[in-house]
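Here are my notes on this two-chain model. Please read them with the structure open.

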Amino acid sequence: MDRIPILKMGPFLLVTIQVDLYDRLALNLENDLITMVSKTGARGVLIDISAVTIVDSFMGRILGNIASMSRIMDAETVVVGMQPAVAITLVELGLTLQGVHTALNVERGMDLLYQKTDILLHQDEEEEEAPEQDPE
Amino acid sequence: MDTNSTARLLLKKKQDILVNWMQNQLLDDTLRDDLLSNEELNKQSEEFLDGLLKATSDGNFENIYTPEFEQTLDVLGDISITRARQGFSPRETNLYVLSLKQALTDVLEQEHQNDPRLLYQEVVLINKLLDSLSLATFETYLKGREEVILRQTDEINEISTPVIRVWDGILALPIIGTLDSSRTQIVMENLLQEIVNTGSSIAILDISGVPAVDSLVAQHLIKTVSATRLMGAECIISGIRAEIAQTIVHLGIDLSNIRTKATLASALQIAFEMLNLQVRKTGQAGNTKLLR
């Protein structure tokens with residue numbers, strides 16, 4: 001049976017959906033992801049849907065479900081890379097994914113997760129980036 | 001009465017009719033020789049008359065929606081559509097066909113001077129034919145005008161939704177004119193596409209150019225904001241005038257989930273804050289610099 005791989009990255013789980021989701025696959029994903037959250041005690045879940053071009057109300061609901069379930073288990077959910085067409089469809093369907101954080105790309109999604117969960121893994125880098133921008 | 005003989009008579013007198021008709025057209029005060037040269041008019045008229053006389057040659061003066069008239073109607077349609085685009089008035093366009101009536105009846109009058117009854121019948125016949133032709137002209141003229149209007153609407157839609165990159169990571173979208181469903185769709189698509197292209201995380205929707213906000217427009221704004229959020233960007237609505245704020249509250253529209261600002265300037269300021277940017281004065285007067 002088809003499954004979508006779930007990768008563990010430190011305290012977070014990373015899922016990239018590279019195919020168009022059909023109902024069975026989405027349900028499996030929901031199941032697997034929640035099992036993984038409870039098994040690893042992950043603090044955040046990042047779902048990359050940049051390759052998804054078609055969504056329906058079911059898919060929207062699954063995303064919402066995953067977010068709510070993770071929330072109960074103390075993990076934040078960030079959905080990243082939504083295509084414009086997908087966003088418009090979801091809004092037209094009346095699914096604004098309340099409770100789901102969104103970000104433009106994986107990088108920013110990760111930053112957002114660190115921010116939301118107060119984990120400072122990138123401390124060193126942040127210091128490097130800090131002020132120091134000489135005006136001329 | 002034999003309509004065939006009428007047709008034959010007209011065919012025989014074609015040259016007279018054409019000359020007569022041209023004269024009528026040229027004499028008219030409303031002739032637009034600035035838009036159409038006389039030679040062209042002559043050519044057009046001859047072509048049209050040819051087609052018309054051919055179509056009526058077997059005595060059909062009644063129904064213009066028969067295959068014989070197809071070519072005539074095509075020619076007429078072309079003429080009126082071109083005229084609609086060139087900016088002729090409806091009167092000028094219609095007069096083109098109606099002035100032919102005079103020319104035709106003149107010829108018939110000369111021919112049947114001694115038989116008023118026959119003359120009357122034929123004039124009625126010609127009248128009917130030209131009236132239906134003038135109706136057809138008007139219809140095509142309107143169609144031509146409507147095409148022009150549609151094209152302009154498209155153009156307005158195209159030009160009136162620019163997405164401006166005001167800062168690295170900040171987009172502004174001034175909306176001018178009324179927001180309806182189709183425009184919201186275009187605005188939304190443009191904005192979301194631009195967010196993807198530039199990787200911006202803040203979009204400012206400026207509605208100072210929107211004349212009025214009703215519940216439908218507010219609905220559209222909320223939709224745009226939600227879609228932007230789904231993409232992972234934050235959306236700020238700015239340019240809310242006093243009247244608009246009043247209507248929004250009176251209509252009971254809930255905008256509490258949406259960041260709103262009175263002016264584009266304050267929206268930009270908030271955006272800077274969200275990106276941890278700071279605008280401040282340097283030592284020299286008037287010069288502002290940005291520091292991270």
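1. Ala42(A) is buried, because 25 other C-beta atoms lie within 10 Å. The cut-offs: buried means 20 or more other C-beta atoms within 10 Å of the residue's own, exposed means 12 or fewer, and partly exposed is in between, with C-beta atoms placed from the backbone. Ala42(A) sits in the loop between α1 and β3 (44-48) of chain A. Its contacts, leaving aside neighbours within four places in sequence, are Pro11(A), Phe12(A), Leu13(A), Met36(A), Val37(A) and Ala75(A). Contact here means C-beta atoms, placed from the backbone, within 7 Å. Gly10(A) is 32 residues from Ala42(A) in sequence, yet the two C-alpha atoms are 8.2 Å apart.

2. On provenance: this is a predicted model, in which local features need pLDDT of at least 70 and side-chain atom pairs count only at pLDDT 80 or more, while totals for chains, interfaces and linings use all residues. Residues are numbered from 1 along each chain as its sequence is written, and chains are lettered from A and ligands numbered from 1 in the order in which they are written.

3. Chain A has five helices and five strands. Their order from the N terminus is β-β-α-β-α-β-α-β-α-α. Elements are DSSP runs numbered from the N terminus: helices are H or I of at least four residues, strands are E of at least two. Of the 136 residues of chain A, 38% are buried. Among its contacts with a separation of 6 or more, 77% link residues 24 or more positions apart.

4. Look next at α1 (residues 23-40) and α2 (residues 57-72) of chain A: their axes come within 10 Å and cross at roughly 5°. The pair α1(A) and α2(A) is therefore roughly parallel. That label covers angles under 35 degrees; over 145 is roughly antiparallel, 65 to 115 roughly perpendicular, and the rest oblique. Axes are lines fitted to C-alpha atoms, for helices over the stretch in contact, with angles from 0 to 180 degrees between N-to-C directions. On α1(A), the contact uses Asp23(A), Ala26(A), Glu30(A), Leu33(A), Ile34(A) and Val37(A). On α2(A), it uses Phe58(A), Met59(A), Ile62(A), Asn65(A), Ile66(A), Met69(A) and Ser70(A). By class, the α1(A)-α2(A) contact has nine nonpolar, two polar and two charged residues. Nonpolar means Ala, Val, Leu, Ile, Met, Phe, Trp, Tyr, Cys and Pro; charged means Asp, Glu, Lys and Arg; the others, Gly among them, are polar.

5. Chain B has ten helices and seven strands. Of its 292 residues, 29% are buried. For contacts in chain B between residues at least 6 apart in sequence, 74% join residues at least 24 apart.

6. Which helix has 44 residues? In chain B, α6 (residues 116-159) does. The expected span is 1.5 Å times one less than the number of residues. Buried residues of α6(B) include Glu122(B), Ile126(B), Leu133(B), Tyr141(B) and Gly144(B). Their cover includes α1 (3-12), α4 (70-86) and α5 (90-111) of chain B.

7. Now the interface: 16 residues of chain A are in contact with 19 residues of chain B. On the chain A side, α3 (84-92) and β5 (101-103) each supply at least two residues. The most come from α3(A), with five. By class, the chain A side has twelve nonpolar, three polar and one charged residues.

8. In chain B, α8 (residues 215-231) has buried residues that pack against α3 and β5 of chain A, together with α7 (181-198), β3 (202-209) and β4 (234-238) of chain B. Among those buried residues are His220(B), Thr224(B) and Arg229(B). Just after α8(B), Gly232(B) takes a positive phi of about 100°.

9. The largest nonpolar core has 70 residues, and those with the most contacts inside it are Val45(A), Ala87(A), Ala203(B), Ile204(B) and Leu205(B). A nonpolar core is a set of buried Ala, Val, Leu, Ile, Met, Phe, Trp, Tyr and Cys residues joined through C-beta atoms within 7 Å. A second, separate core of 24 residues includes Leu10(B), Ile17(B), Ala103(B) and Ile126(B).

Notes
Two residues are in contact if their C-beta atoms, placed from the backbone, lie within 7 Å.
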